[in-house]
Amino acid sequence: MTDHKKIAILYALAAAVFYALNVPCSKLLLSYIAPTVMAAFLYFGAGFGVGIMYLFHCKKEAPCERLAKKDLPYTIGMILLDIIAPILLMIGVKYGTASSASLLGNFEIVATTMIAFILFREKISKKLWAAVGLITLASLILSFGDISSLHFSIGSLFVLGATVCWGMENNCTKSISEKSTYQIVTIKGIGSGTGSLIMAAALGEHIPPAKYLLPAFVLGFVAYGLSIFTYIRAQKELGAAKTSAYYAVAPFIAAFLSFVFLHEKLTVVYLAAFIVMFFGTALVTADTLARYHSHQHQHTFTHTHDVIKHTHTVTHYHSHSHYVSDAVHGHRHSRHELEKLVSELHVKEHLL
């Protein structure tokens, strides 16, 4: 593995860690900030923070990299969904536990996959279908606060709503992903933040003192802004699929931080959901990191059969998969394996 690839993996994991701070830290701040105001300032932190970074980068961009008129429908869809999703998440975090909300964040994988399958007819592997089933099962377990009475957790309902919105938003953003990421994040942050603030005013939510808003602004810059920035840096080297696979650790880091800093109770139901969710996420990661391909091999060798010397050229194919590495590689075959291939060829020739 090259040094560039190792650095890219570190960027992807850094993106996961940055975003993992979102739920547990938001849970602390929601005691002082209303959910819609909180969502607004998280996005303002991302939008203005990355916007300042963009000022130093915009001169390096080609005009074709910037958003155009044809991108407007996807941009509007992205902003509207990004207004709704964090508000739902903040309400869910406020009325539920941060640990459950963190794990439920993985339902975004299910939402994104199903929307891509239904609307864009993307192919889904058997492994990914199994992962969708496991993550959905884990989400259902987490969503019932009391399994014995099947009492549905209101907080979980809002979190699941947020993941569905982000699943739709992922498919909107995918349509403009070739454009300037700095510009996308800046527009997304400022646009979604402004929309959320208007909604907060309509709902009668009050703006808290600056001593609470500043941490929310900084959290938004780190958990949304820097997370997206490092994610993109990783994506340039690893590609979108592999970066998302490494990023899948974010909900588990967030759940760990919730137990450490918020001292939330570890229940049997949560552990059961955690195990199911872990295996579901592992399947997604394995399916994403795997590189499936075929090899063609040609071998020439000589052997003696009934006192007559024979020379054979054997061509064969085989498929396999690799994880993480895309390096050029070869394969060794024993003489016994090659002789077996020759025997199979002789049988086929006789049958014909």
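Residues are numbered from 1 along each chain as its sequence is written, and side-chain values use heavy atoms, leaving out hydrogens and water. Because the model is predicted, local features need pLDDT of at least 70 and side-chain atom pairs count only at pLDDT 80 or more, while totals for chains, interfaces and linings use all residues.

Q: How are helix H4 and helix H9 oriented to each other?
A: Helices here are DSSP runs (H or I) of at least four residues, numbered from the N terminus. The axes of H4 (residues 72-95) and H9 (residues 181-202) come within 8 Å and cross at roughly 55°; axes are lines fitted to C-alpha atoms over the stretch in contact, with angles from 0 to 180 degrees between N-to-C directions. Angles under 35 degrees count as roughly parallel, over 145 as roughly antiparallel, 65 to 115 as roughly perpendicular and the rest as oblique. The two helices, H4 and H9, are therefore oblique.

Q: Is Ser 227 buried or exposed?
A: Ser 227 is found in helix H10 (residues 210-238). Its relative accessible area is 3%, and the cut-offs are under 20% for buried, over 50% for exposed and in between for partly exposed (1.4 Å probe, protein chains only). So Ser 227 is buried.

Q: Which residues does Ser 227 touch, not counting those up to four places away in sequence?
A: Contact means heavy atoms within 4.5 Å. By that rule, Ser 227 touches Ala 15, Phe 18, Tyr 19, Val 222 and Tyr 247.

Q: What kind of pair do the rings of Tyr 19 and Tyr 247 form?
A: Rings of Phe, Tyr and Trp (its six-membered ring) pair if their centres lie within 6.5 Å, with planes under 30 degrees apart counted as stacked, over 60 as edge-to-face and the rest as tilted. The centres of the Tyr 19 and Tyr 247 rings are 6.3 Å apart and their planes are at 40°, so the pair is tilted.

Q: How many residues apart in sequence are the parts tied together by Tyr 19 and Tyr 247?
A: Tyr 19 is partly exposed, at 24% relative accessible area. Tyr 19 lies in helix H1 (residues 3-20) and Tyr 247 in helix H11 (residues 240-247), so the separation is 228 residues.

Q: What is the phi of His 263?
A: Most residues other than glycine have a negative phi. His 263, in the loop between helix H12 (250-262) and helix H13 (268-289), is not a glycine, yet its phi is positive, at about 55°.
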